[in-house]
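Please look at the structure below before reading on. The report then takes up charged pairs, backbone angles, cores and a pocket.

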Amino acid sequence: MSTVDLDNPTAAEKATAIEQLRERLPEEVNSYCNDSDIWRFSVARQLDAEKAAVMVNEWYQWRKDARIDDLPIAQASNTFPVPYAIRGYHSVADANLTAGMRVSDMQLKLNKVFGGGCWHKRDKDGHPVYIERAGRYLIKDIPKMSTMNGLFEFHFMMQEFLNRTIFPECSEMAGCEISKQVVIFDMAGISIGMLSHWPALNMLREMLSKDQLYYPECMHLTYIVNAPSMFVTAWKLIRSWLDPRVISKIHILGKDHADVLLKQIPDYNLPAFLGGSCRCSHMPGGCVPSVPLNNFPDLPRKAFVSLRHQVQISYTHPRHSFVYNLLPAEFDPPSTPLSSPLMGYASWLGIKRDSSRASAPSSPVQSRTRYIYLRFTADRGRGIVVEVLWRSSNDSADDGTLIYPEVLFDPQRAPIVLEIEAPNRSGQLVFNWRIANFDEGQAPFPDPQEAQVPIQLEYSVDTEESLVKEFDLLPIKHD
């Protein structure tokens, strides 16, 4: 058995292990693997180069046979949709999983029965944090909704997104290689029936087996929080499926978990429901959207087809504004687009915003108890920035109060749904869109010819009541 500290090897020890494994690999496999891959598999087999070589060869063949490299993984350089909710990264903008045309039926089905998950910012050392509301799974419905292969495809897309997109960004931010994540499984809401449903447990066992074979050494720490006493029995079974090295990094905690989590994760990066201060109030569902919890509108595909308003924006005319006339709840509020965009000027090289716009509120905003939903899409581009203002009158000279500060989104990947908390009284909501500046986000810059092609922006604005009625939704639970 190796005497090397696998979590803190010296540079020489790491280099030796990598060299010994590479010596045992075919040239084709060697050229495919980077040193990070080689090290992960070496560690997974306790630096036994012979066993690690078998593992790497099987991994390489699996990737070729399953065409893993061809999966449509969202990265800054493309416009593929994100596979799951994400908060706090730059390679892709904050997003929920929405029913865009390039999101598979299987993804949408599993999203309905999974408890809700999200890559949510970073820990103190720069590792990405993934949070799963495991206690909210509709676990008996998972085998009904998906085959094993369907579950694998969904899971592999998430793993590839982590490895190809999130880890490289975290490494750049930390100034060192980051190739492991922190995972939090929140067991709040779990029942004895969920822990003893064998069809779903068998699917979990198969998925854990694949992870250990094809994605070893990707976990820094795992916290299982709000674990009830009955979880102990299930854990005895689950741990038998795991490598001892994986087990050593799993911490099972009850309701008093906040202090432990806050030692690893900054308060401002940890969701409030786990003991931190983050709420991600700019996103429907907050930090971790959940279909079973119904904390955001889970809209069907038809909700993003033929949106009410279609306009074109471009790098020479980068802005669009829309006024929504908000009347008391018993009225059906009419809406009108502005005849011209708000102040600003641009060229394809960049966009400048007129600094003369007043930022101070014209009047205090009170009684924010009403929810308005914005749905929008774009057919191209490198991101669109949205802000929303409140005006208490229809006086166009009133600059209004900023109630939703500017946030960058990627509607070119999949539809975006925003939840705007507005006063429950007469007034106007002013929705402002603009093309992202070239210092915003990480999407590649358009060349001069591409920048001449206009962007098709489509959107609809609805009250919560009308949205729920039109798409037959359950009432949305707001925190």
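This report describes a predicted model, one topic at a time.

## Salt bridges

Side chains of opposite charge can pair when their charged atoms come close. A search of the whole structure turns up 24 salt bridges.

One of them joins Asp35 to Arg22, with 3.0 Å between the closest N and O atoms. Asp35 belongs to helix H3 (residues 35-44) and Arg22 to helix H1 (residues 11-22), so this pair ties together parts that are 13 residues apart in sequence. Asp35 has a relative accessibility of 42% and therefore counts as partly exposed.

Another salt bridge pairs Arg24 with Glu50, and here the closest N and O atoms are 2.8 Å apart. The two residues come from distant parts of the chain: Arg24 is in the loop between H1 and helix H2 (27-32), while Glu50 is in helix H4 (residues 49-66), 26 residues apart. Both ends can be described by their accessible area: Arg24 is partly exposed at 36%, and Glu50 is partly exposed at 49%.

## A buried pair and its network

Glu217 and Lys180 also form a salt bridge, their closest N and O atoms being 3.3 Å apart. Glu217 sits in the loop between helix H9 (198-214) and strand S5 (219-225), and Lys180 in the loop between helix H7 (148-174) and strand S4 (181-186), so the bridge ties together parts that are 37 residues apart in sequence.

Are these two residues, Glu217 and Lys180, buried or exposed? Glu217 is buried, and Lys180 is buried as well. Both residues belong to a network of salt bridges that links Asp7, Lys180, Glu217, Arg245 and Lys249.

## Positive phi angles

Gln46 is a residue other than glycine with a positive phi, near 55°. Its place is in the loop between H3 and H4. With a relative accessible area of 35%, Gln46 is partly exposed.

Arg67 is not a glycine either, yet its phi is positive at about 55°. Arg67 is found in the loop between H4 and strand S1 (85-87). Its relative accessible area is 55%; because exposed means over 50%, Arg67 counts as exposed.

## Nonpolar cores

The largest nonpolar core has 89 residues, and the members that touch the most others are Ile86, Trp119 and Phe161. Helix H7 gives the most to this core, with 11 residues.

Which residues does Phe161 contact, leaving aside its neighbours within four places in sequence? They are Ile73, Ala74, Val82, Pro83, Ile86, Val92, Trp119 and Ile166.

Rolling a probe the size of a water molecule over the atoms shows where empty space is left. The second largest pocket has a volume of about 620 Å³. It is lined by 26 residues, of which Arg279, Ser281, Gly286, Glu419 and Asp479 are the closest to its centre.

At least two lining residues come from each of strand S12 (368-378), strand S14 (401-409) and strand S15 (416-423). Sorted by class, the lining of this pocket holds 13 nonpolar, six polar and seven charged residues.

Notes: Residues are numbered from 1 along each chain as its sequence is written. This is a predicted model: local features need pLDDT of at least 70, side-chain atom pairs count only at pLDDT 80 or more; totals for chains, interfaces and linings use all residues. Side-chain values use heavy atoms; hydrogens and water are left out. A salt bridge is a side-chain nitrogen of Lys or Arg within 4 Å of a carboxyl oxygen of Asp or Glu. Helices (H or I, at least four residues) and strands (E, at least two) are DSSP runs, numbered from the N terminus. Buried means under 20% relative accessible area, exposed over 50%, partly exposed in between (1.4 Å probe, protein chains only). A nonpolar core is a set of buried Ala, Val, Leu, Ile, Met, Phe, Trp, Tyr and Cys residues joined through side-chain atoms within 4.5 Å. Contact means heavy atoms within 4.5 Å. On a 1 Å grid over the protein atoms alone, a cavity is a set of points where a 1.4 Å probe fits but cannot get out, and a pocket is an open set with protein on both sides within 12 Å along at least five of seven lines; lining residues have an atom within 4 Å of a point. Grid points are joined across faces, edges and corners, and a volume is the space filled by probe spheres set on the points. Ala, Val, Leu, Ile, Met, Phe, Trp, Tyr, Cys and Pro count as nonpolar, Asp, Glu, Lys and Arg as charged, and the others, Gly among them, as polar.
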